[in-house]
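Let us walk through this structure together, from the whole chain down to single residues. Take a moment to turn the model around before reading on.

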Amino acid sequence: MADSQAPMVRPKRKKVLVDYLVLFRWIPAIFIALPISALIYFCIYVGGIWSATKSEKRRQMEHEENVKKVVQRLKQRDPKKDGLVCTARKPWVVVGMRNVDYKRARRFEVDLSAFNNILEIDTEKMVAKVEPLVSMGQMTKVTCPMNLSLAVAPEFDDLTVGGLINSYGISGSSHIYGLFSDTVVAMEVVLADGRVVRATKDNEHSDLFYAMPWSQGTIGFLVSAEIKLIPIKEYMRLTYTPVRGTLKEIAQAYADSFVPRDGDRAKVPDFVEGMVYSSSEGVMMTGVYATEEEAKKKGNKINRVGWWFKPWFYQYAETALKRGEFVEYIPTREYYHRHTRSLYWEAKLIIPFGDQFWFRFLLGWLMPPKISLLKITQGEAIRNYYHDNHVIQDVLVPLHKVSDVLEFAHGELEVYPVWLCPHRLYKLPVKTMVNPEAGFEQHRRPGDTSYSQMYTDVGFYYAPGAALRGEVFNGAEAVRKLEQWLIANHGYQAQYAVSELTEKDFWRMFDGSHYERCRRKYNAVGTFMSNYYKSKKGKKTEKEVLQAEAEAAIREAADADAE
Ligand SMILES: Cc1cc2nc3c(=O)[nH]c(=O)nc-3n(C[C@H](O)[C@H](O)[C@H](O)COP(=O)(O)OP(=O)(O)OC[C@H]3O[C@@H](n4cnc5c(N)ncnc54)[C@H](O)[C@@H]3O)c2cc1C
């Protein structure tokens, strides 16, 4: 690796009170967050059983009544008196990391909490109709026993359909199916003026269909979605392949793990992920669905990774560096949620001894603490500490730039492990907020097709090397540099993460043309906060938002005249 990419040597940082609060964060995590989380999970479990006892017809009827309530509520809003519209979901409940400060300002809340039912599983059309608060854990619990799955089933249990469509969502099957929103067949949306429309790829609302993903709920409220299902098998046959070398060589081994050099499509695995443990070591994992009969054949090893006392998945995968390549069978649902118990690897920072055998055995069944409870037990000081000394970012980059971003991040962040997850980025009929690189079709690099470019989600979640060594680290500055790197390299920042982007840079990273057109057409301007202001870090006043909206409206009107 070139010297320029080696991590910077930084001065030591003096410890302050908040360092000790962070050090002992495991106390509220274990004694408050874990038991309350268990109680919440139990209530969700009972709620799931209760929901399953209702007939499809009844669920659909309740859905229609709840949609009417949303429409009525929106009609009660007086734009002169009331603030901008947002959901009544409490800011600490969401999984994402952004400050949801707009929820402290004057606002007009619409309650969507009743939208948490799976409405229909259509095994003929292979489509699931679900409400937006249905979580991934709830979904796989129903579909896996039917040997079905959402085409993209993001790994973390608590993620919701609404968040994954209106923000972004990915899983190890995204190299085949694209992002979560690419697997959506239809969306039912309540617009700012109370109209309820069904948007599909090719009906009169196809523009809305393409504008909703990444919009952060700033065009309308999603009240149900029809999502593609795929047939699956009971087990995942998983191969763990260790890799040693430079970051370039690790990136190459990662690409080779799911893009066969001879172009043979039969060799493309069903699931892929890579974990980079240091600047010289990684493990690539490829999964292929397998029947129970195959998994239980003599000589095959079955690993129930979902059992509470099992080693945390990322640590278990790392053992491939010592053992060499190995293969095993994991029950499919347990495989899907393999990172949930250890919150990928974030749980190690919250409960440092949580990975020890005695803890896993005694309390592992209570894991993980709910992100929402961790958020309310952290307080302002710890939140700010995390902004400075901790990184949670997912960045989407073209596959051919994975080695570059790894080298860049090694120098600037030095955060390990790094998660690698490939995904197609489709060239759609309109320019949505995220698009492949111009001219990618001509290059046709490995993994690309004429209609999609292969991208990779590179996930950095942990304390940077400098912070772990007790050195000065400026998290905001590091994120700012990463964002500039992304803008220069046609990459994107996942919007759940803390962003330092200015408004101008936000719209240099994301394409706002189609999004803004749809906001005007569907009367969202003046009702919903615009995307940048919603995701902007720090407090924003209503005045600030309304002024920006008014300026944007003038700019957009001028653009429309020019067109
Ligand atoms: C620990 C952790 C693990 C994660 N793991 C994964 C992972 O495995 N895979 C993955 O893809 N991502 C993952 N993410 C990121 C995740 O994609 C985002 O957090 C995403 O926003 C989904 O979170 P949520 O369901 O809480 O949505 P929210 O944060 O509630 O919603 C996201 C956005 O969508 C809007 N929205 C939600 N519902 C509606 C609706 N009905 N109508 C209109 N707008 C709506 C919200 O207003 C918000 O702006 C992870 C994040 C963290 C912090």
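Of the 563 residues of the protein, 44% count as buried, where buried means that 20 or more other C-beta atoms lie within 10 Å of a residue's own, exposed means 12 or fewer, and partly exposed lies in between, with C-beta atoms placed from the backbone. What you see is a predicted model, in which local features need pLDDT of at least 70, side-chain atom pairs count only at pLDDT 80 or more, and totals for chains, interfaces and linings use all residues. Residues are numbered from 1 along each chain as its sequence is written.

Start with the overall form. The C-alpha trace spans about 65 × 60 × 55 Å along its principal axes. For 563 residues, a compact globule would have a radius of gyration near 24 Å, and the 23 Å of the protein agrees with that; the radius is taken over C-alpha atoms, and the globule rule is 2.2 Å times the number of residues to the power 0.38. The protein contains 24 helices and 16 strands, which are DSSP runs (helices H or I, at least four residues; strands E, at least two) numbered from the N terminus. Among contacts with a separation of 6 or more, 76% join residues 24 or more positions apart; two residues are in contact if their C-beta atoms, placed from the backbone, lie within 7 Å.

In the model, residues 20-50 are 94% helix and 0% strand, and their end C-alpha atoms are 44 Å apart.

Now look inside. The largest nonpolar core has 138 residues, and Val189, Leu208, Met212, Val402 and Val418 touch the most other members. Such a core is a set of buried Ala, Val, Leu, Ile, Met, Phe, Trp, Tyr and Cys residues joined through C-beta atoms within 7 Å. Beyond its neighbours within four places in sequence, Leu208 contacts Val189, Val197, Ala199, Ile219, Cys518 and Tyr522.

Next comes the ligand. Which of the 29 residues around the ligand come nearest? They are Pro132, Gly162, Gly163, Asn166 and Gly217, where a residue is near a molecule if its C-beta atom, placed from the backbone, lies within 6 Å of it. Helix H5 (161-166) and strand E8 (220-231) each supply at least two residues of this shell, and the largest share, four residues, comes from H5.

Some single residues also deserve a visit. Thr332 sits in helix H12 (residues 332-336) and is buried because 23 other C-beta atoms lie within 10 Å. Although Thr332 and Pro145 are 187 residues apart along the chain, their C-alpha atoms are separated by 9.8 Å.

Finally, follow the backbone through a few loops. In the loop between helix H7 (206-211) and E8 lies Trp214, whose phi is near 70°, a positive value in a residue other than glycine. Trp214 counts as buried because it has 22 C-beta neighbours inside 10 Å. The loop between helix H17 (402-412) and strand E14 (418-426) holds Pro417, and the peptide bond from Tyr416 to Pro417 is cis, with omega near -5°. Glu414 lies in the loop between H17 and E14 too, with a positive phi near 50°.
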